[in-house]
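Okay, thanks for coming, everyone. Let me put the structure up and we'll walk through a sheet and then the nonpolar cores.

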Amino acid sequence: MTAYNFAYLDEATKRMLRRAILKAVAIPGYQVPFSSREMPMPYGWGTGGVQLTAACLVPEDTLKVIDQGADDTTNAVSIRKFFARVAQVATTEATGAASIIQTRHRIPEAPLQEGQILVFQVPIPEPLRFLEPRETETRTMHALEDYGLMQVRLYEDIARHGEIARAYAYPVRVEGRYIMDPSPIPKFDNPKLDNCPALQLFGAGRECRIYALPPYTRVESLDFEDYPFTPSKAAGQCCALCGAMDSYLDEVITDDAGGRMFVCSDTDYCATRVAVQAEDAA
Amino acid sequence: MYVAVKGGERAIDNAHAWLEDARRGDRAVPDLEIAQIREQLALAVDRVMAEGSLYDPDLAALALKQARGDVIEAVFLIRAYRTTLPRFGSSLPVDTGAMQITRRISATYKDAPGGQVLGPTFDYTHRLLDFDLENGQPVPPAPEADAQAGPVPHILSHLGREGLIQAEPAGSEDVPDLTRAPLEFPAQRALRLQALTRGDEGFLLSLAYSTQRGYGRNHAFVGELRIGHVRVAAYLPELGFEIEFAEIQITECESVNQFQGSKTEPAQFTRGYGLVFGQSERKAISMALVDRALRARELGEDMADAPAQDEEFVLSHCDNIQSSGFLEHIKLPHYVDFQAELELIRKLRCAAAQGLEAAQ
């Protein structure tokens, strides 16, 4: 494929993106507007993440793409194929072997390392959006660090439900300054954002926003002293395939009589454990 | 036993093969030619060019064929192609006064210099199915007359001479480009018009209709609607002169709206403006009405809080590639966030049940 530039985007566009990334890294948690391009996949399919990945990729990179934690979900397959085609980079399913990981809705279970880049696909980058629909207002609120509305919202949850009723896209505070939407990852994954050795980049294509967490950034999930944040997952369950107790689990319906099982959402983590167990048994 | 969602890659390949097969349909029926679509489905082609913001009838026809007639999908194909094209620069403003008119009507004056030209319009057709079309009967050529010589001045310029319609400020030299800079609010009018002309026809139609029904009411007359061909030129600094490089068909609408005056402005007519690629008068009129509605704040009108008057609401939601993408993405897997919700609901229900027991 020679009709397109390396990694699809032209170099001027990549430069624009890299400038936005640098600004985002310089102001952790701040949403940097960028002139998002129309991509050959629809908005909502990860165009923000794809643009970030395209801007970061070099020919020596090894790319991993996951959706819902899995390498083999249709959209992950599609994006991985796209870059294999337009950038001819090596791809992998192993978290440890990847230099760039593009993800939707999960952070891998295996700890990330220095030098790795984790690219998140973001649908709605603005954590205050569902409290205030206007961009002009929310930008001012961030500028003034005016986050009272969010605190009240979380307090109302506690008053009504006895806890903060947010299961995913649980808002975080970055280095004690900006409130940030971590993308729709389950709140189980929130602690992995904090003090992470890898660079974490967030791209929202349709909304034209990029933001970032440089390595080892302090990221706190919003809570109250008497109602501390708790990451949660399926209570008291372990993975039916690898037996993991510490991973995030998907619930799978197995019959029409209420039968169900739980399996790791991170397919690489699960498959690696199963392979090690098979080796030990042999 | 649980079967993981394996085989995504093969499923995708098979789905694409099936799609291609379904697109072609019954092989006993001849394959559609691009020229047939371009010539005989010209208004669909025009819509794809307008919302795809790329003037190329052949590519738009190809996109329609590939998209199986799904206009928004065709627009998407064109947009994704357009975004890869280099940007040389901007054309000079087109002179719509020098348009080669194929249709030109005014609802405000019975006659005006240049006359009223109905052109190829559905307006006064009776909507009876023409069963002759089933058999592909030959169509005799339409009667012809000599084209009018000379430019056809804009009808609203007559109002302008009397000072009865608000003069439009001259545009700035810097043309904003929605596709090269992120949209920020408040947006200047040029940028708003750019967003509207690419915007979804159905969305703009409904918004314009809502202003007619009282949500931001501002009665509009179609001062002038004109369709025809204009020349497009650019100034090339290397050569030091202008060069014409295209002739395109466009639809232009200027609405005349009453304005009773405000603290700063005397009573006068004001204008809404619509300009769209191809023959797209429904879109051009809608655009003019929405453009005028969006000027409510600038003109200091009271009660400027209807949806069509809300710049952020209109501009954030008028693009059908953005909206259909985000709408349809909810069919992608959401196992993980749904699982998180499931656990939360179970936990809340459990807590509520325990609370109920404790109360009893």
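So, how many bridges join β1(B) to strand β2 of chain B? Five, and the two strands run antiparallel. Keep in mind that this is a predicted model. If you want a residue pair to look at, find Gln100(B), which sits opposite His229(B) in β2(B).

Now zoom out a bit. That pairing belongs to an open sheet of four strands in chain B, ordered β1-β2-β3-β4, with antiparallel pairing. At the edges you've got β1, residues 100-105, and β4, residues 270-277, each with a single partner strand, so one side of each has no neighbour in the sheet.

As a reminder, nonpolar side chains in soluble globular proteins tend to be buried together. Here the largest nonpolar core has 115 residues, and among those with the most contacts inside it are Leu201(A) and Ile210(A), along with Val48(B) and Val290(B). Which helix gives the most to this core? That's α9 of chain B, residues 281-293, with seven residues. The core also takes at least three residues from each of domain 1 (9-82) and domain 2 (96-120 + 150-167 + 180-318) of chain B.

Let's click on Val48(B). Leaving out residues up to four places away in sequence, Val48(B) touches Ala60(B), Ala63(B), Leu64(B), Val71(B), Ala74(B), Val75(B) and Ile78(B).

Last stop: apart from that core there's another one, of 10 residues, including Ala244(A), Tyr248(A), Tyr269(A) and Cys270(A). Okay, over to you.

Technical notes: Residues numbered from 1 in each chain as written. Chains lettered and ligands numbered in written order. Predicted model: local features only at pLDDT ≥ 70, side-chain atom pairs only at ≥ 80, totals over all residues. Pairing = 2+ DSSP bridges. Core = buried A, V, L, I, M, F, W, Y, C linked by C-beta atoms within 7 Å. Buried ≥ 20, exposed ≤ 12 C-beta atoms within 10 Å, placed from the backbone. Domains from an automatic or database assignment. Contact = placed C-beta atoms within 7 Å.
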